[in-house]
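Here's a quick briefing to read alongside the model. Keep the 3D view open as you go.

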Amino acid sequence: MPASLDGQLVIAISSRALFDFEAENLIFDQADDQPYMALQLDKIDEPAAPGMAYSLVKKLLAFNSPEQQRVEVVILSRNDPVSGLRVFKSCYTHGLPLLRGVFTRGRPAWSFLEPLQANLFLSADETDVRDALAADFAAARVYPKSASTEQHPDEIRIAFDGDAVLFSDEAERVYQQDGLHAFQAHESAKVQQPLPPGPFKSFLQALHRLQQDAGDAPMKIRTALVTARSAPAHERAIRTLMSWNIQIDEAYFLGGLEKGPFLKVFAPDLFFDDQTGHCDSAASVAPTAHVAAGISNARQIAD
């Protein structure tokens, strides 16, 4: 029978998210791909340094055992196959047992998410991320120069913004169009009505299943909701998670405070937010990825 990814948490990740290829990428951006390919071939036996999502991937793979494969990480990259040789050699050197990769040599990579059954796509390419989100995949653009956090070797910590990430941007639209008081009144009036799902509900559900099914694994998962909401708008967010039968371990209702200092304490392996201002704050203290969804990003495109 053919191999199958059924039942696994599948993470599709670009080579720039997994390894530090920022110096090489400057050449890729400034010319055709031939100089880039030549440089990667010249460095083929030189392992790339870990990138911003390296720690997350290493921890996720700890859920696997010879008896059970719970997590699959696949390289999904606009790199060429020659550069892919260095990616896999770097994986081997760092002890990452990655077996699958798709290299498209500059063409869009996101269209392979469906056959991969991917639960999450992490890439440094904004176009691929936006196209993946438009096709209803959980996708985020990584900040390659994010600060590193490696304080919890036996625990994966992932933090999510709420509106336009875990939840739809329904309430955020009210806030941006009519202001804070209208937003609070809207959320109080609909407190018993779950928010529609956002692009990352499915990924949170997959994490929750892994968290429940892998009770014997040496690695644990801890999740946090980090949102600009405050009371009374906090209640609808919590009730929505309850209606999904998902338990979040921690929740920070910050009422507009800067998120970076709180994320520094939580020390996530990855934080997702739809607003670039929050991402800039977070990236100074932790690995961060931008979710280009919702009204905030629609307005950025229009501007």
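Predicted model: local features only at pLDDT ≥ 70, side-chain atom pairs only at ≥ 80, totals over all residues.

Residues are numbered from 1 along each chain as its sequence is written, and side-chain values use heavy atoms, with hydrogens and water left out.

**Domains**

- The chain splits into domain 1 (9–142) and domain 2 (155–297), with bounds that come from an automatic or database domain assignment.
- Taken over C-alpha atoms, the centres of domain 1 and domain 2 sit 25 Å apart.
- Across the divide, 22 residues of domain 1 touch 28 residues of domain 2, where contact means heavy atoms within 4.5 Å.

**The sheet**

- There's an open sheet of 10 strands with mixed pairing, and its order is β3-β2-β1-β4-β5-β10-β9-β6-β7-β8.
- Strands here are DSSP runs of E with at least two residues, helices are runs of H or I with at least four, and both are numbered from the N terminus; two strands pair if DSSP finds at least two bridges between them.
- At the edges you'll find β3 (100–103) and β8 (250–253), each pairing on one side only.
- From one strand to the next, the twist averages 25°; axes are lines fitted to C-alpha atoms (for helices, over the stretch in contact), and angles run from 0 to 180 degrees between N-to-C directions.
- β1 (residues 9–13) pairs with β4 (residues 120–123) in the parallel sense over three bridges, and Ile13 stands opposite Leu122 in β4.
- Helix α7 (residues 126–134) lies across β4, β5 (139–142) and β10 (288–290), running at about 165° to β5.

**The largest pocket**

- Its volume is about 360 Å³, that is, the space filled by probe spheres set on grid points joined across faces, edges and corners.
- A pocket is an open set of points on a 1 Å grid over the protein atoms alone, where a 1.4 Å probe fits, with protein on both sides within 12 Å along at least five of seven lines; lining residues have an atom within 4 Å of a point.
- The largest pocket has 19 lining residues, and Glu172, Tyr175, Ala228, Arg229 and Gly256 lie nearest its centre.
- α8 (170–178) and α9 (180–189) each supply at least two lining residues, with α9 giving the most, at three.
- The lining divides into five nonpolar, seven polar and seven charged residues. Ala, Val, Leu, Ile, Met, Phe, Trp, Tyr, Cys and Pro count as nonpolar, Asp, Glu, Lys and Arg as charged, and the others, Gly among them, as polar.

**Backbone spots**

- Most residues other than glycine have a negative phi, and most peptide bonds are trans.
- Ala231 and Pro232 are joined by a cis peptide bond, with omega about 5°; Pro232 lies in the loop between β7 (220–227) and α11 (234–243).
- Gln117 has a positive phi, near 55°, and its place is the loop between α6 (113–116) and β4.
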